[in-house]
Amino acid sequence: MGEETYPARRKARKHAVEVLYSAQARDEAPETVLRDTADRLGWATHGWFPFAREIVAGVADELEGVDELIASSSSNWPIDRMPRTDLAILRVGVWELEHETAPSSVVISEAVHIANELSTERSGAFINGVLGKIAAARG
């Protein structure tokens, strides 16, 4: 990945997490939150926006399956008890792992980076464990 592509994809992932978090908190459709936020903040003019839109739409379309994978890989933490930020990060990571948009190690590393930036001190290790288990099961 080129130097310019990597930060753009990281921004896309981070903004997708923010949109998914907001959608869950507001009980709105993720695509609606993305559209409204993009309009308000001018996101559509940025190079990272198409990937963010792809992630948000993908997670929204496959939410049930994504959440099933998270739940089955996180036996000690039911989804309804997970912090919303961590759940949004996991949803992005699982969707990416399932669609192989990047190597598993990159997807997991990016998710941990976002967790360290947006969530609690322990979130990175938790997210690493859940996504690592899912990636290992995929082979």
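The residues that line the largest cavity divide into six nonpolar, one polar and three charged. Here Ala, Val, Leu, Ile, Met, Phe, Trp, Tyr, Cys and Pro count as nonpolar, Asp, Glu, Lys and Arg as charged, and the others, Gly among them, as polar. The model is predicted: local features need pLDDT of at least 70, side-chain atom pairs count only at pLDDT 80 or more, and totals for chains, interfaces and linings use all residues. Numbering runs from 1 along each chain as its sequence is written, and side-chain values use heavy atoms, with hydrogens and water left out.

**The cavity**

The structure holds one cavity of 30 Å³ or more. About 40 Å³ of space lies in the largest cavity. A cavity is a set of points, on a 1 Å grid over the protein atoms alone, where a 1.4 Å probe fits but cannot get out; lining residues have an atom within 4 Å of a point. Grid points are joined across faces, edges and corners, and the volume is the space filled by probe spheres set on the points.

Which residues line the largest cavity? They are Arg13, Val17, Ile89, Val92, Gly93, Glu96, Val107, Glu110, Ala111 and Ile114. Helix H1 (5–26), helix H5 (84–99) and H6 each supply at least two residues of this lining. Helices are DSSP runs (H or I, at least four residues) and strands are runs of E (at least two), numbered from the N terminus.

In H6, Val107, Ile108, Glu110, Ala111, Val112, Ile114 and Ala115 are buried. Buried means under 20% relative accessible area, exposed over 50%, and partly exposed in between (1.4 Å probe, protein chains only).

**Helix lengths**

The expected span of a helix is 1.5 Å times one less than its number of residues.

| Helix | Residues | Number of residues | Expected span | End C-alpha distance |
|---|---|---|---|---|
| H3 | 49–61 | 13 residues | 18 Å | 18 Å |

Pro30, Val33, Leu34, Thr37 and Ala38 are buried in H2. Seen down the axis of H2, its buried residues fall within an arc of 125 degrees, so they line one face of the helix. The arc is that of the directions from the helix axis to the C-beta atoms. An α-helix has 3.6 residues a turn, so residues three or four places apart point the same way. On the other side of H2, Asp39 and Arg40 are exposed.

Leu34 lies in H2. It counts as buried because its relative accessibility is 6%. Leu34 and Ser22 are 12 residues apart in sequence, and their C-alpha atoms are 9.3 Å apart in space. Just after H2, Gly42 takes a positive phi of about 70 degrees.

H3 has its own buried residues: Phe49, Phe51, Ala52, Ile55, Val56, Gly58 and Val59.

Arg26 has its place in H1. Its relative accessible area is 41%, so Arg26 is partly exposed. Thr85 is 59 residues from Arg26 in sequence, and the two lie 13 Å apart, C-alpha to C-alpha.

Asp27 is found in the loop between H1 and H2. Is Asp27 buried or exposed? Asp27 is exposed, at a relative accessible area of 72%. Its phi is positive, about 55 degrees, although Asp27 is not a glycine. Most residues other than glycine have a negative phi.

**The annotated span and H7**

UniProt, in an unreviewed entry, places the feature "domain: NusB/RsmB/TIM44" at residues 10–135. UniProt positions are given in the numbering used here, feature names are shortened, and annotations may be inferred rather than shown by experiment. The span is 77% helix and 0% strand, and its end C-alpha atoms lie 19 Å apart.

Ala136 lies in helix H7 (residues 123–138). With a relative accessible area of 60%, Ala136 is exposed. Ala136 and Val94 are 42 residues apart along the chain, and 12 Å separates their C-alpha atoms.

Note on methods:
On a 1 Å grid over the protein atoms alone, a cavity is a set of points where a 1.4 Å probe fits but cannot get out, and a pocket is an open set with protein on both sides within 12 Å along at least five of seven lines; lining residues have an atom within 4 Å of a point.
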